[in-house]
Structure formats: structure tokens, C-alpha cells
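Dear colleague,

I am passing on the structure below, and I would be glad if you could look through it alongside the notes that come after it.

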Amino acid sequence: MKSKTAVSQYSLVHRPKTFEDVRGQEGIIREFKKRSKLNNFPSAMLFQGPTGVGKTTLAFLAAASIQCQHKDDEGNPCGECASCKDIFEESFSRGTMMLDGGSSSKDDVIQLIEQTVHSKPLNSPKYVFIIEEVDQLSTAAKNAFHKILEKPSPYVHFILLSMTEGNGNKVPVSIADRCQPYHFKNLSEKDIAYTLKGILEKEGRWEDIPTEFKKEGIFLLVNNAKGSLRRAVQFLERAMLGEFYSVADIEDNFKFVSEAAGLSILQHIIKGKSVEFNKELEEMRRENKLADWVHMVNYFCLRHRQNLIAGEDFDQSPSSSLLKKMDKAKFLVLNFKVRAMAEELRHGSYMTSTHIAHMMIDLFNGLVSEPEPPTKESIPIRGSSK
Ligand SMILES: Nc1ncnc2c1ncn2[C@@H]1O[C@H](COP(=O)(O)OP(=O)(O)OP(=O)(O)O)[C@@H](O)[C@H]1O
Ligand SMILES: [Mg+2]
Ligand SMILES: [Zn+2]
């Protein structure tokens with residue numbers, strides 16, 4: 001095993017620098033590639049969406065596409081010129097500037113923008129302002145900013161970023177309405193898994209990694225990243241540094257919901273054991289692990305679906321062995337509902353534990369609603385009286 005390979009700072013080193021390298025967000029990427037080829041970027045763009053899904057990454061890529069004079073045929077910035085390096089290396093000493101709406105000097109932010117919007121930049125074609133956490137700007141700053149957006153300048157582009165969306169939206173309409181809006185989504189398990197594999201290949205580690213990590217461990221990381229690539233990449237970096245390859249090692253070190261706990265509560269659902277189910281549900285609710293459970297069972301279902309498609313024993317994991325005992329129609333209901341819950345969690349991550357607990361109780365009740373004859377209630381265990 002190679003131990004000489006140092007672990008790079010994955011999320012910095014592997015931040016995509018071409019449109020092709022950005023995972024998911026397909027519609028946005030297609031549009032931006034086209035815009036880059038045509039040199040046609042909106043003067044103000046608003047990127048909204050959950051954490052760690054590529055907002056800052058695409059802001060850098062768009063800024064570089066605006067500034068770079070040596071783009072390839074696909075509209076990708078060259079990555080080599082002074083403008084590209086200035087952005088990708090985050091020095092921001094040329095026309096591109098990065099500001100933080102959450103920082104204390106909110107009015108300085110506005111002052112800086114006002115100074116530059118009426119003049120042509122000296123050492124780059126345009127000014128590009130990337131403003132992180134635009135929702136955090138003070139009211140005074142927001143008002144001033146609104147005025148700036150009302151008078152677009154041909155030399156200035158704004159890329160505004162915000163993690164808030166939907167009901168939690170704190171970007172004022174006066175600002176949002178003056179921007180081209182882009183809604184970023186959480187990434188699918190598949191996209192995350194491929195990205196992690198790609199990173200390990202680029203780091204030259206894939207070949208040497210124990211099979212148990214490739215077959216099991218990596219999926220545990222993917223699953224617990226809950227749609228955030230940043231989170232997944234951070235998990236991966238830790239797993240590589242700590243050499244956490246087995247499921248047990250990963251569960252132990254990351255404090256994920258353990259697969260055993262996930263299986264146990266699923267078993268109570270399958271067997272219709274409401275007392276046990278409620279007890280464990282309450283425990284998980286207290287530990288704030290319900291969302292993790294939903295994602296885990298979603299993953300169990302996904303694996304078991306392979307059996308339904310590819311044949312009985314395609315997947316022989318403990319979860320699939322358990323799900324095999326379930327009536328197929330009920331499994332499909334479970335699969336459908338859990339997938340819907342996981343999707344909802346992925347898109348509107350504002351659900352409280354109580355809300356998830358209610359959904360799980362509904363799920364339980366739905367699945368055990370038609371009482372079965374007592375003799376068929378469960379597979380009798382030798383020595384147990386019920
Ligand atoms: N869509 C993606 N494709 C490839 N890598 C990604 C993607 N999204 C995130 N990453 C990885 O995660 C890291 C962080 O992503 P990024 O900074 O773009 O997230 P963000 O959406 O801006 O999150 P936040 O709202 O928390 O700032 C990147 O450096 C990259 O390694
Ligand atoms: Mg960001
Ligand atoms: Zn360039």
C-alpha cells in the first residue's frame with residue numbers, strides 16, 4: 001500500500017475548473033457553456049441552493065469565463081492565464097473580487113462597488129463581483145445594492161450567492177428580481193459516488209484502496225453526505241487520512257447512524273412492532289438522527305431494487321436479506337415513501353425532527369394497516385413464544 005502519497009486538500013484541489021467537471025446542475029451548466037462561447041453573461045446572476053453543491057465553484061468558473069481571453073472551443077477558461085489564476089487561486093487582485101455579505105464591513109462592500117461600477121477596469125476586460133451570503137448584507141447595504149443593480153454597467157457582472165431558498169428566502173425581492181436566478185440542487189448519490197471515485201483516481205489511490213472501502217465504505221460516505229458534495233469530499237479526505245476503510249471504522253469515527261441501528265428500526269417496521277418502533281424512533285429523534293435514517297433506508301431500498309431488477313441475489317447485504325422477507329407490494333410502498341422523504345429532505349433541508357418522526361409514524365401505520373392473521377404475523381423464532 002502506498003503511504004507516501006500525501007492527502008491533498010481535496011475540496012480545494014479538486015474544485016472543478018471546467019464546465020465538464022461540474023457534477024449535476026446539468027441545465028445550468030449547459031446554459032453557462034453556451035453563454036461562455038457567446039460571451040453573453042447576464043449582468044447579475046443569483047445562485048441559490050443548499051450547501052456544498054457547486055455555487056461558489058460555478059461562480060469562479062463563470063468569472064474566469066468572463067475574464068479569460070484564451071477559452072477553448074467548449075467555452076472553458078484556459079486555467080493558465082493571469083486572469084484565470086487570479087480567480088482559481090483566489091488572489092482576486094485583478095478585475096474579479098470576492099466579497100462576503102456576512103462580514104462586518106457591509107457598507108464598505110457597497111462603497112467598493114460604487115467606486116468601480118462607473119469606470120472601466122484596467123487589467124481585465126470586466127469587473128466581476130462575487131458576493132457570498134448576499135442575504136446577510138445589512139438592510140442599508142441591501143438598499144444601496146438594489147440601486148446599483150438598477151443601473152447595469154456593461155463592464156460589471158455580479159454573481160450573488162445564497163444558501164437560502166424557498167420559505168427561508170432572505171434575499172429581498174428587490175434584489176432577486178434584478179438578477180437572472182439559478183437554482184442549484186443537491187447532488188444524487190450516483191453523482192457523488194462518481195466524483196469521489198474520480199478524486200481517488202486523480203490522487204492515484206483508487207488501485208490501492210481495500211475492496212471493502214470500494215464496495216461498502218464509500219457508499220456510507222456518499223449516503224451520509226446527504227446531497228452535499230463538499231461534505232462528501234471532506235468525509236473522503238478524512239477517511240483517507242485516518243485510513244478508515246471498513247464500515248465499522250467509518251461508523252465509529254464519523255458518528256454516522258450505524259447500519260445496525262438503521263436495520264433494527266427497519267426490522268420493527270417490517271414486523272409491525274409498534275412499541276419497539278416508537279422507542280427507537282424517539283431515541284433517534286433525540287439524537288437528531290432521523291434524517292440520516294431516512295437516507296440510509298433509501299439506500300437500502302436502492303440496493304434491494306437491484307435484486308428485483310437484476311435477479312434474486314444480486315445484492316446480498318444484510319439490508320437486502322431483510323427486505324427480501326418483506327411482501328413485494330409493501331416493499332414498493334416503503335421504497336416509494338422513503339424515496340419521497342429523502343428527496344424532500346434533499347430539496348428543502350428545513351424539516352424538523354418532529355416532522356420527520358411524524359412522517360415515519362405515517363409510514364409505519366401505512367405499512368401495517370391491514371392486520372395479518374396472527375399465525376402469519378412473523379416468522380417464528382425457535383424458542384420464542386410469540
Ligand atoms: N457540482 C459539483 N461538482 C463537482 N464538485 C463539487 C460540486 N459541488 C461541490 N463540489 C465540491 O465541493 C467543494 C465545495 O463546493 P462549493 O464551494 O461550490 O459549494 P457551495 O454550493 O458554494 O456551498 P456553500 O453554500 O456552503 O458555500 C468544491 O470545492 C468541490 O470540491
Ligand atoms: Mg459557496
Ligand atoms: Zn485563462
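This is a predicted model: local features need pLDDT of at least 70, side-chain atom pairs count only at pLDDT 80 or more; totals for chains, interfaces and linings use all residues.

Residues are numbered from 1 along each chain as its sequence is written, and chains are lettered from A and ligands numbered from 1 in the order in which they are written.

Around ligand 1 there are 20 residues, the closest being Arg15, Gly54, Lys55, Thr56 and Thr57 (a residue is near if its C-beta atom, placed from the backbone, lies within 6 Å). Two or more residues of this shell come from each of helix 3 (55-67) and helix 10 (229-242), where helices are DSSP runs of H or I with at least four residues, numbered from the N terminus. Domain 1 (25-183) and domain 2 (189-254) each supply at least three residues to the shell, with domain bounds taken from an automatic or database domain assignment. By class, the shell holds 6 nonpolar, 10 polar and 4 charged residues (Ala, Val, Leu, Ile, Met, Phe, Trp, Tyr, Cys and Pro count as nonpolar, Asp, Glu, Lys and Arg as charged, and the others, Gly among them, as polar).

Turning to the helix pairs, helix 8 (residues 189-202) and helix 9 (residues 211-224) pack at about 130° with their axes 9 Å apart, the axes being lines fitted to C-alpha atoms over the stretch in contact and the angles running from 0 to 180 degrees between N-to-C directions. The two helices are therefore oblique to each other, since angles under 35 degrees count as roughly parallel, over 145 as roughly antiparallel, 65 to 115 as roughly perpendicular and the rest as oblique. Their contact (C-beta atoms, placed from the backbone, within 7 Å) joins Glu189, Ile192, Ala193 and Leu196 of helix 8 to Ile218, Phe219, Leu221, Val222 and Asn223 of helix 9, and it comprises 7 nonpolar, 1 polar and 1 charged residues.

The axes of helix 12 (residues 259-271) and helix 14 (residues 290-310) come within 10 Å and cross at roughly 80°, so this pair is roughly perpendicular. Gly262, Ile265 and Leu266 of helix 12 make the contact with Trp293, Met296, Val297 and Phe300 of helix 14, which amounts to 6 nonpolar, 1 polar and no charged residues.

Helix 13 (residues 274-286) and helix 17 (residues 353-367) have axes that come within 10 Å and cross at roughly 160°, and they are therefore roughly antiparallel. Here Ser274, Phe277, Leu281 and Arg285 of helix 13 meet Ser353, Ala357, Met360 and Phe364 of helix 17.

Technical notes:
Two residues are in contact if their C-beta atoms, placed from the backbone, lie within 7 Å.
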